[in-house]
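User: I would like to learn how to read this fold step by step. Where do we start?

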Amino acid sequence: MDLQKQTAPAATTELRASDADRDRIADILRDALAEGRLTADEHAERVEGVLAAKTVGELDVFIRDLPAAHQPRAPRAPAYDRPAPGAIPADPDDNVVAVFSAAVRKGRWRAGRRIHAYAIFGSVEIDLSEAIFEYQQVVIRAISVFGSVDVRVPENVSLRGAGGGVLGNFEVDTLDAEDPAAPVVHVDGWAVLGSIEGRPKRGKLVADILDRVERRLDRSLRKHFDR
């Protein structure tokens, strides 16, 4: 009997919390603040607790007195798997090349619809965390030969990858944005005795999407105080 207890699967509340779990709770708390259900001090205290929580059960404590915790989750809008044929031009808007060297695109720059990255015995870093997205679909075509291509994106975009490695590593984290209008970044390519990686950059958000959220929050707060 004791053995069965030890080998039984853990209850959902005892599972270790992921970053996505924490983000979901933080979104509920942010909405509760905008609706006037929480004061600013209560919101700050609970967010601090969310960041320190270890399990799903510990996270649930911070929202159990809020209506959103008792409503079914809305299905997340799926990101486009691939751009429609002809939607992305064959010629790149930008080439990032590193041959026995390093090349970097970062900061406040305009991301085109197609970016080609080549790392030949070198390293390429493409950081979109502060980029200006003029198009919803962005394709990054990466080739790494004895080199590395590192792609970083904001947390509130979608990220897709399609490629592989030949004695190398191709690894792109799938990311789904909550906003169906958010940009979608596709990382394609091959790593030959090298590496290609694509990941979200924690704490970074696309500015124009963030501005829309902040404006919506401001309107909610003004409506609350004007009562």
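Analyst: Start with the elements: helices (H or I, at least four residues) and strands (E, at least two) are DSSP runs, numbered from the N terminus. By that count the protein has 5 helices and 12 strands. This is a predicted model, where local features need pLDDT of at least 70, side-chain atom pairs count only at pLDDT 80 or more, and totals for chains, interfaces and linings use all residues. Residues are numbered from 1 along each chain as its sequence is written, and side-chain values use heavy atoms, with hydrogens and water left out.

User: How much of the protein counts as buried?

Analyst: Buried means under 20% relative accessible area, exposed over 50%, and partly exposed in between (1.4 Å probe, protein chains only). Of the 227 residues, 35% count as buried.

User: What share of the contacts comes from residues 24 or more positions apart?

Analyst: A contact means heavy atoms within 4.5 Å. Take the contacts with a separation of 6 or more: residues 24 or more positions apart account for 68% of them.

User: How do I check the span of helix 2?

Analyst: The expected span is 1.5 Å times one less than the number of residues. Helix 2 (19-34) has 16 residues, so it should span 22 Å; its end C-alpha atoms are 23 Å apart, which agrees. Helix 3 (residues 40-52) has 13 residues and should span 18 Å; the distance between its end C-alpha atoms is 19 Å, so this agrees too.

User: Which residues of helix 3 are buried, and on which side do they lie?

Analyst: His43, Arg46, Gly49 and Val50 are the buried ones. They cover an arc of only 130 degrees around the axis, so they sit on the same side of helix 3. That arc is taken from the directions from the helix axis to the C-beta atoms. The other side of helix 3 has exposed Ala40, Asp41, Glu45, Glu48 and Leu51. The cover over the buried residues includes helix 2 and helix 4 (56-60).

User: How do helix 2 and helix 3 cross?

Analyst: Axes are lines fitted to C-alpha atoms, for helices over the stretch in contact, and angles run from 0 to 180 degrees between N-to-C directions. Here the two axes come within 10 Å and cross at roughly 180 degrees. Angles under 35 degrees count as roughly parallel, over 145 as roughly antiparallel, 65 to 115 as roughly perpendicular and the rest as oblique. Helix 2 and helix 3 are therefore roughly antiparallel. Helix 2 makes the contact through Arg22, Ile25, Leu29, Arg30 and Leu33, and helix 3 through Ala40, His43, Arg46, Val47, Val50 and Leu51. Among the buried residues of helix 2 are Arg22, Ile25 and Leu29. After helix 2 comes glycine 36, with a positive phi near 85 degrees.

User: Now the sheets. What is the strand order in the open sheet of 5 strands?

Analyst: Two strands pair if DSSP finds at least two bridges between them. The order is 1-4-7-11-9, with parallel pairing. Strand 1 (94-99) and strand 9 (158-166) are the edge strands, each pairing on one side only. From one strand to the next, the twist averages 10 degrees. Strand 1 and strand 4 (residues 114-120) share 6 bridges. Valine 99 has isoleucine 120 as its bridge partner in strand 4.

User: Which strands pair with strand 8?

Analyst: Strand 5 (residues 123-127) pairs with strand 8 (residues 148-153) in the parallel sense, over 5 bridges. Strand 12 (residues 195-200) runs parallel to strand 8, joined by 6 bridges. Glutamate 125 has aspartate 150 as its bridge partner in strand 8. Valine 149 has isoleucine 196 in strand 12.

User: Is alanine 142 buried or exposed, and what does it touch?

Analyst: Alanine 142 lies in strand 7 (residues 137-145). Its relative accessibility is 0%, so alanine 142 counts as buried. Not counting residues up to four places away in sequence, alanine 142 touches Ala117, Val149, Asp188, Gly189, Trp190 and Ile196. Tryptophan 190 is 48 residues from alanine 142 in sequence, with a C-alpha to C-alpha distance of 6.7 Å.

User: What should I look for in backbone phi?

Analyst: Most residues other than glycine have a negative phi. Phenylalanine 100 has a positive one, near 55 degrees. Phenylalanine 100 is in the loop between strand 1 and strand 2 (102-105) and, at 64% relative accessibility, counts as exposed. Phenylalanine 121 also has a positive phi near 55 degrees. Phenylalanine 121 is in the loop between strand 4 and strand 5 and counts as partly exposed, at 41%.
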